Amino acid sequence: MAQANLYTFGRLAWDPRLDPRAVLDEWMTLTFPPSATADPELVRRTLHEIMDDSWRTYERYTAPLGVGFMVHPGDHYGPDVDGYEYSRWGTYHFADRDGVGVDRSRASGTGFAGQYPPYWADVYESPERCPDELLLFFHHVSYTHVLHSGSTVIQHIYDTHFAGVEEVEAMRRRWQTLNGMIDPAVYVRVAERLDEQVRSAIEWRDQINTYFLRKSGVPDAHGRRIY
């Protein structure tokens with residue numbers, strides 16, 4: 001199913017005006033021909049449910065709020081919050097007991113925010129105006145900083161990582177409804193990869209949440225298990 005990304009990239013490179021969902025439908029028809037599936041409409045609907053928002057799901061259970069690399073050095077597979085934090089490649093999250101994020105503002109940081117056109121430079125310069133999804137890339141803020149969503153930074157980290165795992169588990173359940181509907185070999189290969197994604201998402205959730213609980217000392221407002 002990862003082939004869908006390459007197919008869509010190629011089609012959009014050729015014609016960027018295309019609707020990505022329509023391109024995904026093209027890929028589905030080519031990969032799972034209606035004549036070879038027991039219920040073409042169910043297959044198409046299920047694939048959309050799995051794939052349409054999958055990139056946001058991945059973001060939810062990996063690095064939060066645009067903070068950057070938190071991966072295992074070398075192979076970049078799996079979580080390692082401090083993997084590159086103290087290496088020659090540079091520091092990515094600057095997490096300490098008081099807050100997290102890299103100050104790239106003009107006023108007090110590296111000045112990176114000032115490289116953008118004036119309107120966007122002003123947006124990124126301000127922690128209050130900066131979009132939530134980029135906040136920790138441009139600013140070092142306290143764990144209790146309130147996002148545009150109304151959540152604090154630390155609660156957002158906890159909530160999104162729990163939600164990401166739940167969404168991957170839902171993907172796996174949706175795929176299981178296609179058992180017997182498509183080529184058995186394809187079904188098994190994707191099922192194995194979804195099993196691995198669930199395992200990986202749980203590993204990310206537990207390592208990220210545990211790291212920030214111990215750094216911040218701020219408990220999860222919902223009392224969920226964090227190690």
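**Contacts along the chain**

What share of the contacts in the protein chain with a separation of 6 or more comes from residues 24 or more positions apart? The share is 56%, where contact means heavy atoms within 4.5 Å.

This is a predicted model, in which local features need pLDDT of at least 70 and side-chain atom pairs count only at pLDDT 80 or more, while totals for chains, interfaces and linings use all residues. Residues are numbered from 1 along each chain as its sequence is written, and side-chain values use heavy atoms, with hydrogens and water left out.

**Overall layout**

You will find eight helices and two strands in the protein chain, arranged along the sequence as α-α-α-α-β-α-α-β-α-α. These are DSSP runs numbered from the N terminus: helices are H or I with at least four residues, strands are E with at least two. The C-alpha trace spans about 60 × 45 × 35 Å along its principal axes.

**The nonpolar cores**

Now to the inside. A nonpolar core is a set of buried Ala, Val, Leu, Ile, Met, Phe, Trp, Tyr and Cys residues joined through side-chain atoms within 4.5 Å; buried means under 20% relative accessible area (1.4 Å probe, protein chains only). The largest such core has 33 residues, and Met-70, Val-100 and Phe-212 are among those with the most contacts inside it. Helices H5 (118-125), H6 (135-138), H7 (153-176) and H8 (184-216) each supply at least two of its residues, with H7 giving the most, seven. A second, separate core of 18 residues includes Leu-24, Phe-32, Met-171 and Ala-191.

Beyond its neighbours within four places in sequence, Leu-135 touches residues including Leu-65, Cys-130, His-145 and Val-153.

Terms used
Buried means under 20% relative accessible area, exposed over 50%, partly exposed in between (1.4 Å probe, protein chains only).
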